[in-house]
Amino acid sequence: MTAQVDVKQVNQGIFIAMIRRDMTAAFRHPSDLINPLIFFVVVVTLFPLAVTPESDFLREIAPGVLWVSALLATLLSLDMLFQSDFQDGTLEQMILSPQPLYASILAKVFTHWLLSGLPLTLLSPLLAMMLFLSADGTQALMLTLLLGTPVLSFIGAIGSALTVGLRKTGLLLSLLVLPLYIPVLIFASGAVQAAIAGLPIVGHLALLGALLALAVVLAPVAISTALRISLSG
Amino acid sequence: MWRWFHKLGSPKWFYAISGRWLPWVAVASILLLVVGTVWALLFAPADYQQGNSYRIIYIHVPAAFLAQSVYVMMAVAGAIGLIWKMKLADVMAKCCAPIGASFTFLALVTGAVWGKPTWGAWWVWDARLTSMLVLLFLYLGVVALQSAFTDRNQAARASALLSLVGLVNIPIIKYSVEWWNTLHQPASLTLTEKPAMPADMWVPLLIMVAGFYCFFTVVLLMRARVELLDRERRTGWVKDIIKAK
């Protein structure tokens with residue numbers, strides 16, 4: 001019985017220590033944190049310029065535009081997950097250490113979400129307003145981003161772990177990860193569209209929550225295997 | 001059973017036995033494809049609604065069958081390679097990817113050709129078409145990852161993991177896309193129900209499906225044999241083969 005408690009405490013210790021370490025490292029390079037957000041804003045701005053500034057039309061495409069832009073911004077931020085740790089050898093130590101890899105990976109992905117998905121969620125109402133999204137729609141957008149962006153972080157981390165040892169990763173990573181993002185995109189933008197139409201969105205949110213639960217359980221296993229493969233070369 | 005499994009893992013043994021099988025499977029695939037095509041195009045009755053344009057299903061349905069089952073096969077071979085570090089499974093998984101991608105592409109193209117006279121458009125954003133397109137993307141991702149590594153072992157393990165992740169995702173993608181939009185008719189052939197079309201229509205279809213599977217086996221064996229020779233070029237048995245020629 002006591003051994004079980006110990007394991008739990010050790011896991012918690014690693015989890016918190018990893019988050020603290022990753023946060024500190026990330027805040028030393030603030031531009032890496034801000035660039036994906038700027039990218040998000042710029043991409044959303046392109047749509048009214050490319051299509052039409054008409055408010056009725058923008059309102060209609062807003063859920064899709066905002067979600068696709070958020071997805072691309074997350075994709076660009078995946079670099080900061082493992083790249084620098086791989087280069088300075090931290091990742092190797094993480095794998096070699098007697099502590100469970102599961103906990104440290106969970107902490108890394110969670111930190112990534114705190115630094116990319118959460119700011120995107122907080123920034124989204126501003127852009128939703130610029131695209132004339134209704135109040136109900138904005139609320140649904142924030143809820144779906146809150147549930148959906150962690151899934152994006154988890155799935156993206158699998159791709160990032162698979163490609164971390166390669167030289168040119170950007171394009172390959174998007175090729176691997178984007179098809180896997182499709183379900184999140186469908187349920188999330190579907191929820192926002194339902195909210196605009198005045199329909200209940202609980203079903204969509206439940207499905208997003210189910211995807212998140214599945215990702216939390218399964219993705220770290222895949223990520224740790226992928227990291228071991230990448231570091232074996 | 002286990003001895004057989006271990007024997008199958010030996011490249012030399014596989015090369016020898018596949019060389020003996022290959023002509024038989026090739027003959028079977030040619031026979032099945034010729035009989036199936038002639039029956040399907042000349043003797044099967046025309047559809048009362050679609051006329052003769054429905055006949056493309058004799059290519060489309062087998063290609064779609066193969067597209068999905070090759071992915072599963074690739075993922076299973078990848079898993080065997082990951083768990084038991086079996087060289088032959090790595091080779092199989094690697095050879096499956098481009099073949100599966102081609103079948104997916106064929107299914108999409110024949111679907112477009114059939115869609116033009118029937119639905120009036122080359123492409124519609126229907127659930128099954130879209131999930132097939134996503135399947136093609138998944139295949140292309142595996143192929144791209146496979147070629148990104150210089151180390152063969154690493155390439156095999158990385159793409160095996162990616163295909164397993166894809167395998168978990170395929171049902172999720174399928175259902176998400178289905179709830180999103182659907183226009184395509186449900187599957188025409190299922191294992192559990194009696195087909196809704198007359199025997200003259202579905203028997204040639206079954207023959208074509210069997211022919212496609214045989215054809216796939218032939219292509220897979222040919223690719224795997226070349227890949228094996230390339231990988232094992234420094235071993236004694238390959239040198240013996242080269243000397244004998």
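Read along its sequence, chain B follows the pattern α-α-α-α-α-α-α-α, which amounts to eight helices and zero strands. In this predicted model, chain A likewise has zero strands, and its secondary structure comes to ten helices.

**Overall build of the chains**

- From the N terminus on, the elements of chain A run α-α-α-α-α-α-α-α-α-α, and its C-alpha atoms fill a box of roughly 60 × 45 × 30 Å along the principal axes.
- For 233 residues, a compact globule would have a radius of gyration near 17 Å, and the 19 Å of chain A agrees with this.
- The C-alpha atoms of chain B, taken along the principal axes in the same way, fill a box of roughly 60 × 40 × 30 Å.
- Of the 233 residues of chain A, 44% count as buried, while for the 245 residues of chain B the share that counts as buried is 37%.
- When contacts between residues at least 6 apart in sequence are considered, 81% of those in chain A join residues at least 24 apart, and the corresponding share in chain B is 78%.

**The nonpolar core**

- The largest nonpolar core has 132 residues, and those with the most contacts inside it are L66(A), I155(A), I158(A), C96(B) and L161(B).
- Helix α9(A) gives the largest share of this core, 15 residues.
- I158(A), listed among the residues with the most contacts inside the core, touches A219(A), A222(A), I223(A), A226(A) and V165(B) when residues up to four places away in sequence are not counted.

**Two helix pairs**

- In chain A, helix α6 (residues 101-115) and helix α10 (residues 202-231) pack at an angle of about 105°, with their axes 9 Å apart, and α6(A) is therefore roughly perpendicular to α10(A).
- This contact is made by L101(A), Y102(A), I105(A) and L106(A) on the α6(A) side and by P220(A), I223(A) and S224(A) on the α10(A) side, a set that has six nonpolar residues, one polar residue and no charged residues.
- In chain B, helix α5 (residues 127-148) and helix α6 (residues 152-180) pack at an angle of about 170°, with their axes 10 Å apart, so that α5(B) is roughly antiparallel to α6(B).
- The residues of α5(B) that make this contact include A127(B), V134(B), L138(B) and L145(B), and those of α6(B) include A155(B), L162(B), I173(B), K174(B), E178(B) and W180(B).
- By class, the contact of α5(B) with α6(B) has eleven nonpolar, seven polar and two charged residues.

**A buried lysine in chain A**

- K108(A) lies in helix α6 of chain A, and with 25 C-beta neighbours inside 10 Å this lysine counts as buried, because the cut-off is 20 or more.
- Leaving aside neighbours within four places in sequence, K108(A) is in contact with M18(A), D22(A) and L81(A).
- K108(A) and I229(A) are 121 residues apart in sequence, and their C-alpha atoms are 18 Å apart in space.

- F132(A), found in the loop between α7 (117-130) and α8 of chain A, has a phi near 65°, a positive value in a residue other than glycine.
- F132(A) has 16 other C-beta atoms within 10 Å and is therefore partly exposed.
- K85(B), found in the loop between α3 (57-84) and α4 (87-119) of chain B, has a phi near 50°, which is again a positive value in a residue other than glycine.
- With 13 C-beta neighbours inside 10 Å, K85(B) counts as partly exposed.

Terms used
Residues are numbered from 1 along each chain as its sequence is written. Chains are lettered from A and ligands numbered from 1 in the order in which they are written. This is a predicted model: local features need pLDDT of at least 70, side-chain atom pairs count only at pLDDT 80 or more; totals for chains, interfaces and linings use all residues. Axes are lines fitted to C-alpha atoms, for helices over the stretch in contact, and angles run from 0 to 180 degrees between N-to-C directions. Helices (H or I, at least four residues) and strands (E, at least two) are DSSP runs, numbered from the N terminus. Angles under 35 degrees count as roughly parallel, over 145 as roughly antiparallel, 65 to 115 as roughly perpendicular and the rest as oblique. Two residues are in contact if their C-beta atoms, placed from the backbone, lie within 7 Å. Ala, Val, Leu, Ile, Met, Phe, Trp, Tyr, Cys and Pro count as nonpolar, Asp, Glu, Lys and Arg as charged, and the others, Gly among them, as polar. A nonpolar core is a set of buried Ala, Val, Leu, Ile, Met, Phe, Trp, Tyr and Cys residues joined through C-beta atoms within 7 Å. A residue is buried if 20 or more other C-beta atoms lie within 10 Å of its own, exposed if 12 or fewer, and partly exposed in between; C-beta atoms are placed from the backbone. The radius of gyration is taken over C-alpha atoms; the globule rule is 2.2 Å times the number of residues to the power 0.38.
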